[in-house]
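The structure is shown first.

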Amino acid sequence: MDDSLKALGTDYVDLLLIHWPSPEVSIERTLEAMAALREEGKVRNLGVSNFPTDELAEALEATQVPLIANQVEMHPYLDQSQLLEMTAERGMALEAYSPLAHGELLDDEVLAEIGSAHGKSAAQTALRWLIEHDQVVALPRSSSHENRAANLDIFDFELSAEERSRIAELAHPRGRQINPSFAPDWD
């Protein structure tokens, strides 16, 4: 942690996440170490990443320190409703990485049609759909300034209930884009 803080040029980080559940190190041990960093003032908040509901429940039971976020793959092609419900019940943010499904939904006809009605692209429509969920933060990435600007230009319109429903219907069983061999058992 000290090396990371030095490299970042700061004394603390606002949020420290454990990236994947580990079969080699217990969640209790990991969260104890993270809580110690919080007590030392090197970390303000703790969270997890890539924790499905079973592992998230285990993590929440393993610590007295509040976990404020679970960063997971989330986009219109992947149903994360179970996890979203659980994080909302616990007052946690769900940080949606790969919110554009690695570009798979950029040409989606439903997203393009809905976006067109609002003067927006399919990508902007997908990002808007994500942030209209309670406590969801979309984390798109882009190497171009133009796309970064477009990713931020999603706060001047709202989706109707019918549009949100149409987008939710895009989820399908093969929607997951990130599924390495060491991944946990997803919901």
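1. The model is a predicted one. Two packed helices are described by the angle between their axes and the distance between the axes. For helix H5 (residues 109–118) and helix H8 (residues 161–168), the angle is about 160 degrees and the axes are 10 Å apart. Angles over 145 degrees count as roughly antiparallel, and H5 and H8 are therefore roughly antiparallel to each other. Their crossing is left-handed.

2. On the H5 side, the contact is made by Val-110, Leu-111, Glu-113, Ile-114 and His-118. H8 contributes Glu-163, Arg-166 and Ile-167. By class, the residues of this contact between H5 and H8 are 4 nonpolar, 1 polar and 3 charged.

3. The largest pocket has a volume of about 450 Å³. It is lined by 19 residues, and Pro-99, Leu-100, Pro-140, Arg-141 and Ser-142 are the closest to its centre. Helix H6 (122–131) and helix H7 (145–152) are the elements that give two or more residues to this lining, with H7 giving the most, at 3 residues. The lining of the largest pocket comprises 10 nonpolar, 8 polar and 1 charged residues.

4. The second largest pocket has a volume of about 180 Å³. Of the 14 residues lining it, Pro-21, Ser-22, Pro-23, Glu-55 and Glu-58 lie nearest its centre. Here the elements that give two or more residues are helix H2 (27–39) and helix H3 (53–62). The class counts for the lining of the second largest pocket are 9 nonpolar, 3 polar and 2 charged.

Note on methods
Residues are numbered from 1 along each chain as its sequence is written. This is a predicted model: local features need pLDDT of at least 70, side-chain atom pairs count only at pLDDT 80 or more; totals for chains, interfaces and linings use all residues. Side-chain values use heavy atoms; hydrogens and water are left out. Axes are lines fitted to C-alpha atoms, for helices over the stretch in contact, and angles run from 0 to 180 degrees between N-to-C directions. Helices (H or I, at least four residues) and strands (E, at least two) are DSSP runs, numbered from the N terminus. Angles under 35 degrees count as roughly parallel, over 145 as roughly antiparallel, 65 to 115 as roughly perpendicular and the rest as oblique. A crossing is left-handed if the near helix is turned anticlockwise from the far one by less than a right angle, and right-handed if clockwise. Contact means heavy atoms within 4.5 Å. Ala, Val, Leu, Ile, Met, Phe, Trp, Tyr, Cys and Pro count as nonpolar, Asp, Glu, Lys and Arg as charged, and the others, Gly among them, as polar. On a 1 Å grid over the protein atoms alone, a cavity is a set of points where a 1.4 Å probe fits but cannot get out, and a pocket is an open set with protein on both sides within 12 Å along at least five of seven lines; lining residues have an atom within 4 Å of a point. Grid points are joined across faces, edges and corners, and a volume is the space filled by probe spheres set on the points.
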